[in-house]
Amino acid sequence: MPLDSGNVQFPKVQVSWFDHNHILQKQATFSGYFTVGRSPDNDFVITIPSVSRNHLEVRWENGNWWIEDLQSSNGTYVNQNLIEQRCLLELPAIVTLGNSQILLRIETTPSTPEHNERSPDHPTPPLQSISQFSSLSRSFSKDELKARLLAHEEDSNAGEYTRMVRSIIHEDRTKRGKSYKKTIWGLTFLLLFSISLVGYQYIALSKASTMAIDMFYDIKALEISLAQAEIKLEENEEILGLTLEMIIKERLNANQEKIRMEHQKMTAERKRVAQERQRLADMKNKYQQYVDEAKSFRIRFPTDTQYEEELIARVARGFGESELELPRSFIAEVKLYIEYWRNSSRLQRAINHLENNYYTHVIIDALEKEGLPLYFLYLPLQESNYDTNAIGPETRFGIAKGAWQLLATTAQDYGLNLGPLADVRQYDHLDERFIFERATHAGTKHLKHIYSTEAQASGMLVTASYNFGHTRVREMIKKMESNPRERNFWKFIQQNNLPKETYDYVFYIFSAAVIGEDPKYFGFDFKPPLAMYSKK
């Protein structure tokens with residue numbers, strides 16, 4: 001709406017339009033009011049699609065310039081700040097129209113006065129005061145006048161007006177001095193308090209982190225012990241079962257008392273293992289308290305970057321790695337592989353296949369039974385995209401088959417029957433590697449063996465070992481000290497150069513697990529596969 005200026009003279013502004021190459025495209029001068037937009041009825045017309053028909057207006061009101069976005073599609077930014085409503089426009093200013101990279105520079109014209117009339121807060125000085133000051137200024141130079149007014153001792157010849165000004169200056173100096181002292185004391189107190197707080201936080205964080213890390217490796221040691229005990233117990237139970245079958249089948253005489261005692265030993269051992277598993281769960285809860293305490297001492301503001309790092313830390317802990325020792329370089333690398341997944345449709349298609357065939361609960365049940373990290377769910381993703389009919393290339397170790405890509409020797413070690421085409425790159429309905437439930441059972445048992453021996457309860461070392469394409473990786477792992485504190489993935493990648501195939505293998509699996517924590521955040525259309533399972 002045009003401004004009814006009447007007899008009031010409004011200040012002028014100059015508006016310059018620059019394109020994305022900062023080349024001036026258009027320039028105009030307005031007085032009091034103007035609008036900007038794509039429609040021809042605007043005062044300043046910019047015919048670009050990303051600019052709304054009526055984008056913004058600028059007006060002079062109550063002694064100030066004001067800018068208002070007219071509900072544009074892409075918004076208005078003043079000095080890179082999005083304006084939500086009508087706001088004060090301090091000149092000069094750079095105004096950006098949405099995401100169009102169109103810049104408007106709005107500034108006062110050289111002839112524009114700051115104010116057309118004095119405001120009530122700045123009334124015209126009395127004529128008498130002006131005449132007195134003018135008279136005084138005519139008698140002294142600028143430097144002499146300054147020295148006369150700011151001198152510590154008053155000149156005996158000073159006039160009444162000079163005394164009054166000196167009195168005002170002295171009073172102002174006194175007030176400012178007191179104010180400065182209060183400010184200095186206040187800033188000093190804040191500085192000392194801040195230093196003390198930072199020192200306390202550093203000591204508390206260091207202590208909490210140390211306690212959490214120590215407990216983490218105690219947990220890993222107990223996990224290894226339990227996994228080994230469970231494997232041994234399962235082997236003994238299998239041997240005892242076969243022995244009883246043979247006794248019954250062959251009608252052999254046997255020492256019944258000895259068999260009964262062996263059975264009692266295994267029952268007692270299973271009870272002990274169950275109790276230790278409960279102790280392990282309690283230790284994990286306590287560890288989480290230590291981690292939360294350590295994190296509470298870090299002053300951080302919620303951002304997308306922090307959220308992504310929290311997801312990465314969560315998955316690292318789930319894989320059995322110390323999140324408090326998470327290398328910054330590892331975080332950056334995981335984010336890079338997340339981008340690889342986002343630029344491919346493979347992950348979406350593979351998860352759809354997993355869900356449509358109801359394979360998720362089969363894998364989760366097997367992992368829980370073996371006491372393994374549930375994030376191993378993503379291992380057959382990298383192996384085969386969960387394709388139960390997958391057949392690998394022929395290698396010197398044999399031909400890997402099925403969703404878990406098991407070699408013939410590994411499959412036999414964990415009880416799978418092979419068909420007559422085991423050494424041929426063909427599907428064989430008699431080969432149990434192609435039966436998803438049976439292959440998953442064998443695959444998770446194989447993971448548990450690696451987890452409790454060479455990998456020392458490091459889920460990511462397990463992942464690297466499972467990638468059987470490079471046996472020298474397993475040799476590198478075995479050369480590390482045999483304890484969880486020294487044999488973990490963080491130490492491993494610092495001390496060794498992983499082959500490219502294994503490096504990609506590990507990071508693709510890990511980054512897929514991070515995406516699986518919040519698929520929608522990363523732009524994927526599937527539900528978190530582990531959402532229904534809280535045991536991590």
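Over which ring does the charged end of Lys26 sit? A few notes on this one, starting there.

1. The ring is that of Phe44: the charged end of Lys26 sits over it, 4.8 Å from the ring's centre. There is another contact of this kind at Trp66, where the charged end of Arg86 lies over the ring at 4.6 Å from its centre. As for rings with rings, searching the whole structure turns up 26 aromatic pairs.

2. Keep in mind that this is a predicted model. The mean pLDDT over the chain is 81, and 78% of the residues score at least 70. Element by element, helix α9 (residues 379-384) has the highest mean, 97, while helix α1 (residues 127-139) has the lowest, 38. I'd read the stretch at residues 111-139 with that in mind: pLDDT stays under 50 there, and the model gives that stretch 17 contacts beyond four places in sequence.

3. Now the overall make-up. The chain has 536 residues, of which 42% count as buried. Its secondary structure comes to 15 helices and 13 strands. If you take the contacts with a separation of 6 or more, 57% of them are between residues 24 or more positions apart.

4. On to the open sheet. It has six strands, in the order β2-β1-β11-β10-β7-β8, with antiparallel pairing. The edges are β2 (24-31) and β8 (81-82); each has a single partner strand, so one side of each has no neighbour in the sheet. For β2 the pairing with strand β1 (residues 12-18) is antiparallel and covers seven bridges. If you want a spot to look at, Val15 has Ala28 in β2 as its bridge partner.

5. Strand β5 (residues 56-61) deserves a look too. Five of its six residues are buried, so the rest of the structure largely encloses this strand. Strand β3 (residues 33-37) runs antiparallel to β5 and is joined to it by four bridges, with Phe34 partnered by Val58 of β5. Strand β6 (residues 64-69) is also antiparallel to β5, this time through six bridges; here Glu57 has Glu68 in β6 as its bridge partner. Together β5 and β6 make a hairpin with two residues between them. In that turn, Asn62 has a positive phi of about 55 degrees.

6. Helix α5 passes a simple length check. With 15 residues (304-318) at 1.5 Å a residue, the helix should span 21 Å, and the C-alpha atoms at its ends are 21 Å apart, which agrees. Its buried residues are Gln306, Glu308, Glu309, Leu311, Ile312, Ala313, Val315, Ala316 and Gly318. You'll spot Glu308 and Glu309 in that list. The cover over these buried residues includes α6 (328-342), α14 (489-495) and α15 (500-517). After the helix comes Gly320, with a positive phi near 90 degrees.

7. Last, Gln348, which belongs to helix α7 (residues 346-356). Its relative accessible area is 18%, so Gln348 counts as buried; the cut-off is under 20%. Leaving out residues up to four places away in sequence, Gln348 touches Phe524, Asp525 and Phe526. Gln348 and Asp525 are 177 residues apart along the chain, yet their C-alpha atoms are separated by 7.3 Å.

Methods: Residues numbered from 1 in each chain as written. Predicted model: local features only at pLDDT ≥ 70, side-chain atom pairs only at ≥ 80, totals over all residues. Heavy atoms only, no water. Expected span 1.5 Å × (residues − 1). Buried < 20%, exposed > 50% of the residue type's maximum accessible area, 1.4 Å probe, protein only. Contact = heavy atoms within 4.5 Å. Phe/Tyr/Trp six-rings, centres within 6.5 Å; stacked < 30°, edge-to-face > 60°. Lys NZ or Arg CZ within 6 Å of the ring centre and 35° of its normal. pLDDT = per-residue confidence, 0-100. Pairing = 2+ DSSP bridges.
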